[in-house]
Amino acid sequence: MNAKSIVLGTAGLGGVWGKVDRSAAVRTLLTALENGIAAIDTAPAYGDAEEIVSDALKQWKGPVPVISTKAGRLRSYAADEAYYDYSAAGIMNSVYRSLKTLGVPVLDILFLHDPEAVPEQEGDQVVAVMLHLKQQGLVKKIGLGGNIPLWMEAYIKTGVFDVIMEFNRLNACSTAALKDRLPFCNTRGMAYYAASPLYMGLLGRNFQAWQQQPPQWLPAGSIATAQRLQLIAAKHHLPLPVLAHRFLLTVPRAFSIVIGASCVTELEESLSAFRQGPLPEAIYQEILDCNK
């Protein structure tokens with residue numbers, strides 16, 4: 001099995017899934033760092049997340065974690081509420097604000113947030129400004145953060161981007177990236193971030209509620225796949241979230257896993273699942289078969 005690294009995503013800590021206590025959010029970040037998580041992913045769009053990350057970094061005395069943030073999507077406090085500014089000035093100003101807010105001299109990774117929302121005619125300009133920020137030394141690496149429109153594949157093939165982060169394309173309920181993006185990135189030497197091991201909660205706390213009232217964004221068939229996964233988990237005496245986390249550890253490729261804990265309890269549950277290690281090959285194969 002290839003090594004996996006864990007990244008702490010901060011959307012929940014910033015308040016996009018509901019109000020959070022700022023001191024508790026900082027405590028969650030510090031707990032993650034104390035437990036060896038060495039990378040934090042944030043964004044201006046994640047409510048107060050960048051400010052909360054800054055508060056935690058000021059208190060942290062250990063090794064400085066890898067910090068990634070995003071540009072293009074503006075601040076909001078609801079996951080389904082999106083405002084965008086992909087202009088050159090908008091992206092530049094977003095990066096300057098993030099550097100100041102986070103209190104760091106350079107960003108390890110800058111993701112273009114929600115690339116599928118970028119107007120195709122603005123693609124060249126958007127890529128150019130991100131490359132300019134890298135050339136100026138304000139960011140070390142640039143990437144795409146979100147699911148990617150077909151027209152943007154041409155940019156990826158040129159090797160412009162260093163990192164790809166996709167949502168809900170690599171987890172126990174959705175294995176599309178196993179066939180395309182992940183092997184492509186591994187072959188090209190690009191880093192791959194698989195975000196949301198629990199499919200935005202479908203394989204966790206939202207499993208029951210979404211049986212009755214699934215959100216509009218949830219693809220048809222996902223509920224049925226989740227139900228099949230629950231049967232597999234029950235058969236092997238595993239909680240569904242544990243099955244989902246350990247599934248990613250079992251994938252025989254190198255990538256980073258972005259978890260979205262909103263509190264210390266959720267963080268500890270995720271870390272506990274990962275500590276149990278990869279799944280037996282037979283269970284892993286059952287999950288793959290479940291997705292066919």
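Guide: The model is predicted. The protein has eight strands, along with twelve helices. The eight strands close into a barrel. Their order is S1-S2-S3-S4-S5-S6-S7-S8, and the pairing is parallel. On average, neighbouring strands of this sheet are turned by 25° against each other, with direction ignored.

Now take one pair. Strand S7 covers residues 191–195, and strand S8 covers residues 255–259. The two run parallel and are joined by three bridges. Look at Ala195: its bridge partner in S8 is Val258.

Next, a helix against the strands. Helix H5 spans residues 123–135. Helix H5 lies across strand S4 (107–113) and strand S5 (139–145). Its direction makes an angle of about 155° with S5.

Step back to the whole protein. The C-alpha trace spans about 55 × 45 × 35 Å along its principal axes. Of the 292 residues, 55% count as buried. Among contacts with a separation of 6 or more, 71% are between residues 24 or more positions apart.

Finally, the cysteines. The count of disulfides is zero. Cys290 is in none: the nearest cysteine sulfur, that of Cys173, is 7.3 Å away, and a disulfide needs the two sulfur atoms within 2.5 Å. Cys290 counts as buried because its relative accessible area is 8%, under the 20% limit.

Note on methods. Residues numbered from 1 in each chain as written. Predicted model: local features only at pLDDT ≥ 70, side-chain atom pairs only at ≥ 80, totals over all residues. Heavy atoms only, no water. Buried < 20%, exposed > 50% of the residue type's maximum accessible area, 1.4 Å probe, protein only. Pairing = 2+ DSSP bridges. Helix = DSSP H or I, 4+ residues; strand = E, 2+ residues; numbered from the N terminus. Axes fitted to C-alpha atoms, helices over the stretch in contact; angles between N-to-C directions. Contact = heavy atoms within 4.5 Å.
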